[in-house]
Amino acid sequence: MFCLLKLTLMPVLLGYFLSLNDLIVSSFELTVHVGDSVLMGCVLRSTAEKRVTKVDWIFSSGEHTKDDYVLYYYANLSVPVGRFQNRVRLVGDVLRNDGSLLLENVEEADQGKYTCEVRLEMESQVFKKSLVLRVLPEEPKELMVHVGDSTQMGCVFQSTEEKLMTRVVWMFSSREHNKEEIMLRYYPNEVLVGYPQSWGRFQNRVNLVGDTAHNDGSIVLQGVKESDAGSYTCLIHLGNLIFRKTVVLRVTPKEPQTWATPVALRPEILGGNQLVIIVGIVCATIVLLPVLILIVKRTHRNKSSETSTALVRSLENTKKAQPEKHVYSSITTREVIEEDSSEKSEATYMTMNPVWPSLRSAPNNPPGKNPTGEMPRTEQTF
């Protein structure tokens with residue numbers, strides 16, 4: 001009998017100490033940006049009328065890291081722990097088995113796995129619900145837009161719970177005046193005012209484009225004016241819970257349209273490498289320019305010398321092609337008297353000295369004529 005009782009109680013005791021009877025709910029995944037807020041739901045769906053005695057929120061950044069406590073609730077006391085202090089609070093109604101947690105001003109180090117553990121009165125089971133939080137870089141808090149353009153301003157409240165927003169309000173504050181004015185508001189649950197309403201000078205220029213069923217209250221502002229520059233604040237209400245986000249809008253004058261040819265277009269600012277390359281090319285050109293000029297001059301001289309040589313050779317070939325004609329100078333005669341015993345004879349000898357015509361006189365004096373224009377005469381007397 002004792003052995004049978006022992007075998008019956010052992011699994012119960014092991015389940016109590018080792019949490020073998022824990023009820024684990026499948027995990028969710030949320031993606032947020034740095035600086036945003038996120039609602040991590042932890043609602044126990046139970047028909048038993050038993051109150052929650054303890055709620056623990058535990059954080060794990062990886063598989064091989066030590067778990068850290070984020071917040072614990074016990075005896076009607078909620079205590080944030082560690083680096084999550086002043087950034088987390090229990091927003092669920094514990095009396096209704098709701099241990100939801102709000103994490104504000106999300107940091108990059110907050111990425112990881114969050115587990116909610118709920119214990120009921122007189123229950124050995126521990127109900128667990130986990131979610132994975134992905135953290136993206138911070139969205140720009142300032143928007144730049146030209147006059148006349150349109151711009152979209154996002155406002156999304158991430159949550160694992162199917163809690164519909166009860167109200168969306170957009171407020172505007174100019175740089176000159178710190179007083180906020182309502183530019184748009186939306187009450188989805190009200191029958192009479194079930195559509196977005198724009199106010200004041202933003203009327204007919206602002207539209208709600210976000211999916212309100214998923215807590216998205218993003219808007220689009222059309223026809224931006226210079227007076228629209230300032231701060232825009234979005235307020236999303238989920239019952240008593242309010243999510244707040246602010247965006248700064250800067251408006252610049254619209255650039256005038258100018259018609260210009262591609263040559264007249266304004267050049268882009270050169271980068272450091274491009275500037276160095278251009279300076280190097282200019283310096284190399286300055287250094288090599290004298291060398292290039294010298295090479296061109298030498299080439300021109302060589303061509304001129306070759307042309308002169310070719311002309312001289314052409315003239316020589318022309319001379320060789322015609323028969324050479326000698327021009328003889330005046331004849332000098334000398335008389336020699338020889339006496340012979342038998343008879344007396346008189347002989348005249350002629351000495352001819354050839355004279356070559358010069359190049360200058362060659363074209364003007366035809367061959368075979370003397371400078372007077374007459375043919376040279378040769379006289380011989382024997």
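Arg250 and Glu142 form a salt bridge, with their closest N and O atoms 3.0 Å apart. By salt bridge I mean a side-chain nitrogen of Lys or Arg within 4 Å of a carboxyl oxygen of Asp or Glu. Arg250 sits in strand S19 (residues 241-252) and Glu142 in strand S10, so this pair ties together parts that are 108 residues apart in sequence. Helices (H or I, at least four residues) and strands (E, at least two) are DSSP runs, numbered from the N terminus.

How accessible are these two? Arg250 is partly exposed at 33% relative accessibility, and Glu142 is partly exposed at 45%. The cut-offs are under 20% relative accessible area for buried, over 50% for exposed, and partly exposed in between, with a 1.4 Å probe and protein chains only.

A word on the source. This is a predicted model, where local features need pLDDT of at least 70 and side-chain atom pairs count only at pLDDT 80 or more, while totals for chains, interfaces and linings use all residues. Residues are numbered from 1 along each chain as its sequence is written, and side-chain values use heavy atoms, with hydrogens and water left out.

Back to the charges. The structure holds 16 salt bridges. One of them joins the side chains of Arg134 and Glu29, at 3.3 Å from N to O. Arg134 is in strand S9 (residues 126-136) and Glu29 in strand S1 (residues 23-33), so parts 105 residues apart in sequence are tied together. Arg134 is partly exposed at 38% relative accessibility, whereas Glu29 counts as exposed at 51%.

Now Asp228 and Arg205, whose side chains meet in a salt bridge at 3.0 Å, N to O. Asp228 is in the loop between S17 and strand S18 (230-238), and Arg205 is in the loop between S15 and S16, 23 residues apart. Are these residues buried or exposed? Asp228 is buried at 0% relative accessibility, and Arg205 is buried at 11%.

There is also a network of salt bridges, linking Lys54, Asp56, Glu117, Arg119 and Lys128.

Next, the sheets. An open sheet of six strands runs in the order S10-S19-S18-S13-S14-S15, with mixed pairing. Its edge strands, S10 (142-146) and S15 (197-198), each pair on one side only. Pairing here requires that DSSP finds at least two bridges between two strands. Within this sheet, S13 (residues 167-174) and S14 (residues 181-186) run antiparallel and are joined by five bridges. Met171 stands opposite Ile182 in S14.

Another open sheet has three strands in the order S11-S17-S16, with antiparallel pairing. The edges are S11 (151-153) and S16 (206-208), each pairing on one side only. S11 pairs with S17 (residues 219-221) in the antiparallel sense over three bridges, and the bridge partner of Met153 in S17 is Ile219.

Last, the surface. Val287, Leu288, Leu289, Val291, Leu292, Ile293 and Ile295 form a nonpolar patch, with about 630 Å² of accessible area together. Areas come from the Shrake-Rupley method with a 1.4 Å probe, and for residues only the protein chains shown count as cover. Patch members have over 30% relative accessible area and no salt bridge; like charges are joined within 9 Å, and nonpolar side chains (Val, Leu, Ile, Met, Phe, Trp, Tyr) within 5 Å. Leu288 lies in helix H2 (residues 272-321) and is partly exposed, with a relative accessible area of 48%.
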